[in-house]
Amino acid sequence: MYSRDEDGEWVPLFTDVELESIIRSCNLAGREVDIYIFNIEAEGDQGSLGSNSTDEDYEEDEDNDSESDGDLSGLVSEGQGVDGESQGVDEESQGSGDEDVVQDNQDFNSAKSSDSEGEVDRCPTWNPNNLYDPNLKLKMIFSNKWEFIDAVHSDCVLKKRDIQLVKNDRVRVYARCKRVGFPWKVHANNITGEPSFPIRTYNSTHTCVESYHITSIRSKWLNGRYGYQFKNDPKRKVTHFQTELMVELGVNVTPHQAYKCKKLALEDETGNADFQYSLLWDYAQEIMRTNPGSTILIGTDNQHNGPVLFDRMYFCLNACKVGFCRGCRPLIGVDGTHLKGPHGGILLTTVGVDPNNNIFPIAYVVVGKETGDTWEWFLGILKRDLEIQKDDNMTFISDKQKGLIQAFQIIFPNAAHRFCVRHLYGNLRNAGFRGIAFKTALYKASKSTTKNEFLRSMHELKELSPMVSEWLSDKPADNWSKSHFSSNAKCDMVMNNICESFNAAILPAREMIDGTQFYVDLEKSSCGYRMWDLTGIPCIHAIRAIYCQRLSPEDFTDGWYKVDTYKMVYENPILPINGRDEWEPTGITLPLPPKIGRQAGRPRIARRRKSDEPVEKKRKRKVRPNLNPHKLTMC
């Protein structure tokens, strides 16, 4: 409230303290107070009511509100925010008539207070589980401003409308329709001294047309609602996912948003690559705890006192180590494969053959590059781990990886070495000897069990091309033909399919460590999730393991939940007694009441409720006046 003095200057009629006292008196009297802020124009000295200003004026006022409001910034209602920023209703929302407005914190504070009877929780609280089916309401309270922003974005995406945040700071968030001149808007300011954000102004009317291109849609929102599809099927095609989203939502989803949604979903499931490497020491400790006797070696690189970088890792479980030494034939397949992920790497594996001709993993290492040094390091630890004293009985089969032959000559100089015929034919084909005839003749020579049969097969190859014999001259027959194999291995394998099968089997696990799996022991009725251990009822992980064994979860439920146990609890009934007139006297001295006494003060009728406990409002009974006080039905 301003007036001109004798010199023509604008001066306030009341001080800040006097005006606040007037507002407080009106509030205590139960009266509503409307505050109007006038912007003084320099040229015409005219005041324009802020509630009637246009959207353009509103944006200009927001940019300069700290300078133009002056002393009036602290007089808007009861809601003054942190650092003197106004939490009251902004100029645009006052007096518009279409939207609902909450002007101060009194309603929110009274809604939370429940020490006395007759108060009720009038403000709905936002449930984060309803993010993808929001129902915004006036006075709805959010835990923080990020919940409010996410709810507004979700509401606009589902309604196919585009919005923008015209004000976004730590005490207020204002959003409105992106198209100028349309009424939809929502304003939220925090409650003084709390991070909570209630909706103070809300106009839910959308008069603009639906839009196909919504800029409010985010990959994070897509991940929260549809990310489970990639978690259930990591190989799901992004293009199909993008098409299904556009059909379901009716809005445009770019390929980049779809790809980023998949990335976020997989990171939520297993963590990013950097996080995975930070778990290596904990992972090794957990393996050593659950599988004593295993061998895990982790090498790091810390040159020039720089950051500690991962270099290599050796991994051999005790069960694999003991199982190979006890019952597997002395034949080991070695191979290397690339790791997926942003940091790359090479996985070197060793696989044996069990008595049923199935693959039997022995050990593996993760290194940066496949070189003679890494193979020599791997084979040296493997030889010590398997306690191989004489290597002349051992047989290895490989694809002639880079540096592997030199490593065998150093670590296993007397061991037999076989080459995979399939890779041998690949090299033959690359040398120019193409066609099914060369492949048939080479495979026939490799599968020959006698030397005479091998010579006849080599003669057929020479007839196809004399250059083939010259090309095979530097490749000894004891490396690729059964006719020259040693009989120590008791295995006639000529292809390294055991390693190829193992690499294919671990393909999903060659990316990252799964952080959501738990071990299940059906014999001990135990699960790593511990819910089964605590309650005695199989958890979801245990039920899945039970169903995999084609058993019934009821058979693994603890005995405390059995029907027989329930019957035992109520087997002995509580019998009735006679009235006190029929009681037999015992003759014991009668006791007197205890001297506890009564507490000071007036006794409470209603119990003291917690601050967060809602209290139902008691309806006051309306007393109707008696129009005929002298009319009596009885005398």
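What percentage of the 635 residues of the protein count as buried? The share is 37%, where buried means under 20% relative accessible area, exposed means over 50%, and partly exposed lies in between, as computed with a 1.4 Å probe on protein chains only. This is a predicted model, in which local features need pLDDT of at least 70 and side-chain atom pairs count only at pLDDT 80 or more, while totals for chains, interfaces and linings use all residues. Residues are numbered from 1 along each chain as its sequence is written, and side-chain values use heavy atoms, with hydrogens and water left out.

**Figure 1. Overview of the protein.** The protein has 22 helices and 19 strands, which are DSSP runs numbered from the N terminus (helices: H or I, at least four residues; strands: E, at least two). Among contacts (heavy atoms within 4.5 Å) between residues at least 6 apart in sequence, 55% join residues at least 24 apart.

**Figure 2. The packing of helix 13 against helix 14.** Two packed helices are described by the angle between their axes and the distance between the axes. For helix 13 (residues 372-385) and helix 14 (residues 404-411), the angle is about 40° and the axes are 8 Å apart; axes are lines fitted to C-alpha atoms, for helices over the stretch in contact, and angles run from 0 to 180 degrees between N-to-C directions. The crossing of the two helices is right-handed, a term used if the near helix is turned clockwise from the far one by less than a right angle, with anticlockwise giving left-handed. Helix 13 contributes Gly372, Trp375, Glu376, Leu379, Gly380 and Lys383, which meet Leu404, Ala407, Phe408, Ile410 and Ile411 of helix 14. By class, this contact has 7 nonpolar, 2 polar and 2 charged residues, with Ala, Val, Leu, Ile, Met, Phe, Trp, Tyr, Cys and Pro counted as nonpolar, Asp, Glu, Lys and Arg as charged, and the others, Gly among them, as polar.

**Figure 3. The two faces of helix 14.** Leu404, Ala407, Phe408 and Ile411 are the buried residues of helix 14. Seen down the axis of helix 14, these buried residues fall within an arc of 100°, so they line one face of the helix; the arc is that of the directions from the helix axis to the C-beta atoms. Their cover includes strand 13 (331-338), helix 13, strand 16 (395-398) and strand 17 (416-419), whereas the face turned away from the buried side carries the exposed residues Gln409 and Ile410.

**Figure 4. Surroundings of Pro134.** Pro134, in the loop between helix 4 (106-112) and strand 6 (141-142), is buried, with a relative accessible area of 12%. Not counting residues up to four places away in sequence, Pro134 touches Trp126, Ala151, Ser154, Asp155 and Leu158. The C-alpha atoms of Pro134 and Val152 are separated by 8.2 Å, and these two residues are 18 residues apart along the chain.

Figure 5. Most residues other than glycine have a negative phi. Lys160, however, has a positive phi near 60°, and Lys490 has a positive phi near 55°.
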